[in-house]
Amino acid sequence: MTTDTPLKLFNSLTRQLEVFQPVHDGEARVYTCGPTVYNYPHIGNMRAYVFADVLGRTLSFKGYKLTHVINITDVGHLTDDADEGEDKMEKMAAEKAQSIWDIAQHYTQAYWADVKALNIRQPFKWSVATDYIDEMLEFAKQIAPKHCYELDSGLYFDVLTVADYGRLARAVTEDGEGRIEAVEGKRNAADFAIWRKTPPGEKRQMEWDSPWGKGAPGWHLECSVMGGKLLGFPFDIHTGGIDHREIHHPNEIAQNQAFCCTNGLDVAENSGARIWMHNNFLVERSGKMSKSAGEFLRLQLLIDKGYHQLAYRMMCLQAHYRSELEFSWEGLGAALTRLKRMVMAVQALTDADATSPEHPKFGPVREKFAAAMSDDLNTPIALTALEEALAVKKVDAGVKRAVIEEMDAVLGLNLFGFNRTDLRIRPKAATISEEEIEDALIRRKQARAEKDFATSDALRDEFAAKGVEVMDGDPLGWEWKLG
Ligand code: AMP
Ligand code: ZN
């Protein structure tokens with residue numbers, strides 16, 4: 001639909017808003033750094049994919065043919081950024097006494113379940129790192145003579161062989177900012193492993209032959225290889241969480257420069273992609289979100305506590321992707337209430353057949369929506385536009401439905417996909433079933449109609465004992481709540 005307002009996106013490389021200009025006419029090719037499948041994703045990780053999904057949906061909305069690749073890292077990601085430490089996958093496999101392939105399989109499925117639950121669209125391709133080992137070796141062989149050197153522990157990339165190393169991070173190369181010179185013999189502190197050799201006498205579960213001995217690829221190499229192979233250099237947009245702006249993506253960029261034989265980064269596409277985008281973190285009040293310390297905030301935990309998973313998507317959309325977002329249960333509850341209001345308003349439209357959204361009454365609000373999304377994905381404003389569209393009075397339900405569908409295709413809240421009773425807060429640990437509650441509510445209603453207050457009071461006490469709060473006359477139509 002509205003392609004008039006140009007799409008502006010914030011490019012981390014230039015630290016500026018830029019008008020999106022596709023490399024290939026009418027197309028948008030996007031690469032998103034995916035999860036390392038050694039553990040369940042926490043909801044902070046999922047924020048990165050909700051963001052990438054909103055970006056993809058917006059590009060589709062603007063009329064571009066989207067090719068989106070998300071990788072699955074099943075090898076190479078170390079527990080430590082300084083090229084020391086263990087491979088996260090090997091470590092978890094050893095801890096669980098399972099094969100890496102089983103670990104990868106299990107956590108990939110768990111990640112995909114969260115992707116589906118959050119209504120994140122399927123990308124064009126999920127690229128699995130271990131499927132691209134041959135391509136990684138080819139890539140490494142090509143850049144090795146001019147850009148790499150060998151140590152006992154592996155093949156390393158010399159970051160001084162490319163211009164503007166670290167520009168994305170705004171890091172100063174000489175200081176190797178943010179790094180520890182962990183590997184002995186490295187020329188520069190910021191140099192990183194392209195290939196890690198298996199130490200003599202050791203056997204890794206995942207290892208491959210290479211010109212530099214048996215070993216495994218470096219994590220940064222994977223993304224360069226899969227991005228270039230599947231989307232072609234330069235492609236349009238590369239995304240990831242803000243932490244990747246500091247090390248992972250500068251290293252990818254250095255490899256891309258080496259591979260493409262491009263020089264300085266004053267021209268953004270010399271980096272391998274025209275635009276680099278980063279979502280900010282979801283944090284807890286106590287600080288950084290973690291998989292090990294404190295409560296492990298998985299999407300499933302939210303669901304077990306009784307929150308509909310799309311309340312979390314709503315929570316993400318309520319903040320701009322470049323702002324830090326603090327998670328709280330109160331915040332999640334508020335997002336759920338907002339979602340519920342929308343779903344209730346939408347329920348009045350479900351009987352209508354969508355017609356065309358083109359209608360003068362919706363002109364301004366559709367314009368506002370398109371302008372917000374075009375302004376670096378301003379979802380907080382877009383949500384208010386959707387609410388304004390729902391509040392437009394005296395219009396044909398079919399037109400309104402078409403407008404809401406059009407907006408929801410971008411925001412992905414699946415507003416027509418469920419109803420308000422699906423949004424009830426129902427903790428898994430509840431000792432009373434939904435049927436029992438409904439049944440007792442009917443009995444209570446009957447008792448009240450018959451002025452049998454003894455029964456109605458007894459039922460109220462029974463509800464209270466089981467943690468059910470009856471909400472008579474609640475404007476949002478929550479008849480009851482489990483708390
Ligand atoms: P990982 O599996 O650790 O590689 O992380 C997957 C994605 O989640 C990456 O894009 C990270 O940058 C991103 N990420 C990690 N922690 C958070 C967080 N707390 N909030 C938002 N994104 C995050
Ligand atoms: Zn990556």
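**Domain contacts and the zinc site**

In this predicted model, 28 residues of domain 1 are in contact with 30 residues of domain 2. The two domains bury about 2400 Å² between them, and carbon and sulfur atoms account for 62% of that area. On the domain 1 side, the residues that lose the most area to domain 2 are Arg47, Phe61 and Val283, which together make up 23% of what that side buries. The C-alpha centres of domain 1 and domain 2 are 29 Å apart.

The chain assignment comprises three domains. Domain 1 is made of the segments 8-147, 160-173 and 217-283, whereas domain 2 spans 306-421 and domain 3 spans 428-482.

Between domain 1 and domain 2 the count is one salt bridge. Aspartate 53 forms a salt bridge with arginine 313, and the closest N and O atoms of this pair are 2.9 Å apart.

Threonine 58 is located in helix H1. This residue counts as buried because its relative accessibility is 0%, under the 20% limit. When neighbours within four places in sequence are left aside, threonine 58 is in contact with Leu7, Met373, Leu377 and Val410.

The zinc ion (ligand 2) has Cys33 (SG), Cys223 (SG) and His248 (NE2) as its protein donors, at 2.0 to 2.2 Å. Along the chain these donors follow the spacing C-x189-C-x24-H. Distant parts of the chain are linked by the pair of cysteine 33 and histidine 248, which are 215 residues apart. Cysteine 33 sits in the loop between strand E3 (27-32) and helix H1 (43-61), and histidine 248 is in helix H6 (residues 248-260). Both residues of this pair are buried. For cysteine 33 the relative accessible area is 6%, so the residue falls under the 20% limit for burial.

The number of disulfides in the model is zero. Cysteine 260 illustrates this count: the closest cysteine sulfur to its own is that of cysteine 261, at 7.5 Å, and therefore too far for a bond, for which the limit is 2.5 Å. Cysteine 260 is partly exposed, because its relative accessible area of 29% lies between the 20% and 50% limits.

Definitions and conventions:
Residues numbered from 1 in each chain as written. Chains lettered and ligands numbered in written order. Predicted model: local features only at pLDDT ≥ 70, side-chain atom pairs only at ≥ 80, totals over all residues. Heavy atoms only, no water. Donors = N, O, S within 2.8 Å, 3.2 Å for Na, K, Ca; no water. Helix = DSSP H or I, 4+ residues; strand = E, 2+ residues; numbered from the N terminus. Buried < 20%, exposed > 50% of the residue type's maximum accessible area, 1.4 Å probe, protein only. Domains from an automatic or database assignment. Contact = heavy atoms within 4.5 Å. Buried area = accessible area lost by both parts, 1.4 Å probe. Salt bridge = Lys/Arg side-chain N within 4 Å of Asp/Glu carboxyl O.
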